[in-house]
Every structure is written in C-alpha cells, then in structure tokens.
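Subject: Structure for your files

Hello,

Here is the structure I said I would pass on. My notes on what was found in it follow below.

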Amino acid sequence: TRIYLGGDFISVGGVPVSGIAAMLAVPVVEVPELDEVSGPLSLSNLPNPFGDATTIRYAIPSAAHVRLDLFDLAGRRVETPQPYAWMPAGVHRVEFRPAGIPAGVYLCRLSVGREVVTRRMLVVR
C-alpha cells in the first residue's frame, strides 16, 4: 500500500525529505472516453503486449463499412477480429482472444472504406 521513492530531491509535495520518501499508493481512476469522433481514424489495443486477450479499440468519424484483420509479418491473414460490417460513427471495441496463433509480432489492420490504419500487436505466451 506504500510506494517508496528514491532520488535527487529535497522535498515532496512541499514536505522536506532527503532523497527518499514513502507515499500511499493511490488507486487508478478510470477516465471515461468520449464516443464522439471528429478526427481521423484511430486504432489501438490494450494491453499490448498481451497473452490471453486484448481489447482492440478503433474510432471512425462517420458511418462506414469496417473490417479488422490480423496479419503475421509474412503478410498472411491469421485472424479476422471484426468481419466486414457497417458500423456507425464513434468509438468501437472488440475483445480479441488469439486462439491457436503462436507468440510473436502481428499487424492489426483497420479498413474503413478506402482508408487503412495498421498497428503492431505483440502476443506473448
């Protein structure tokens, strides 16, 4: 429940200390995401790297046909987490569980109409 810090400092939060301090651990507060998108396409996944599962998050500024594909580094399609479908504008999440693919680096490709965004994903076992 405590975090111990060491370094070249003489105070923490206005309290004098000499190079080491103990602080109470603060729980992480989740900040809600906006579901409105006004910018370009976005694609991410958390956690990354991941083992059993990850959440792929993508945002599209307008309704469109969308597809998510996962490729190995040789360019072979190994999974399709989101088949070709009409999706409304906004933020979308896809829970992805990599069944049967080995550990390694993969490329997740978001295709929206004629636009494409690609991000690296790392599967660990």
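Two strands are taken to pair if DSSP finds at least two bridges between them. With that in mind, Leu 110 stands opposite Val 117 in strand 11. Please keep in mind throughout that this is a predicted model.

Strands 10 and 11

Strand 11 covers residues 115-123 and pairs with strand 10 in the antiparallel sense, over nine bridges. The two strands form a hairpin with two residues between them. Gly 113 sits in that turn and has a positive phi of about 60 degrees.

Strand 10 (residues 104-112) also pairs with strand 7 (residues 64-71), again in the antiparallel sense, here over six bridges. Within this pairing, Val 112 in strand 10 is the bridge partner of Val 66.

Strand 10 also holds Val 105. Its relative accessible area is 34%, so Val 105 counts as partly exposed. Together with Leu 73, Leu 122 and Val 124, Val 105 makes a nonpolar surface patch of about 310 Å².

The sheet 5-6-9

Three strands form an open sheet, in the order 5-6-9, with antiparallel pairing. Strand 5 and strand 9 are the edge strands, each pairing on one side only. From one strand to the next, the twist averages 20 degrees.

Strand 6 and strand 9 run antiparallel and are joined by seven bridges. In this part of the sheet, Tyr 58 stands opposite His 92 of strand 9.

The aromatic pair

How many aromatic pairs does the structure hold? There is one. The ring centres of Phe 50 and Phe 96 are 6.3 Å apart and the ring planes stand at 75 degrees, so the pair is edge-to-face. The cut-off behind that label is an angle over 60 degrees.

The cut-off for buried is under 20% relative accessible area.

Regards

Note on methods: Residues numbered from 1 in each chain as written. Predicted model: local features only at pLDDT ≥ 70, side-chain atom pairs only at ≥ 80, totals over all residues. Heavy atoms only, no water. Phe/Tyr/Trp six-rings, centres within 6.5 Å; stacked < 30°, edge-to-face > 60°. Helix = DSSP H or I, 4+ residues; strand = E, 2+ residues; numbered from the N terminus. Axes fitted to C-alpha atoms, helices over the stretch in contact; angles between N-to-C directions. Patch = residues over 30% accessible without salt bridge, like charges linked within 9 Å, V, L, I, M, F, W, Y side chains within 5 Å. Areas by Shrake-Rupley, 256 points an atom, 1.4 Å probe, with all protein chains shown as cover. Salt bridge = Lys/Arg side-chain N within 4 Å of Asp/Glu carboxyl O. Buried < 20%, exposed > 50% of the residue type's maximum accessible area, 1.4 Å probe, protein only.
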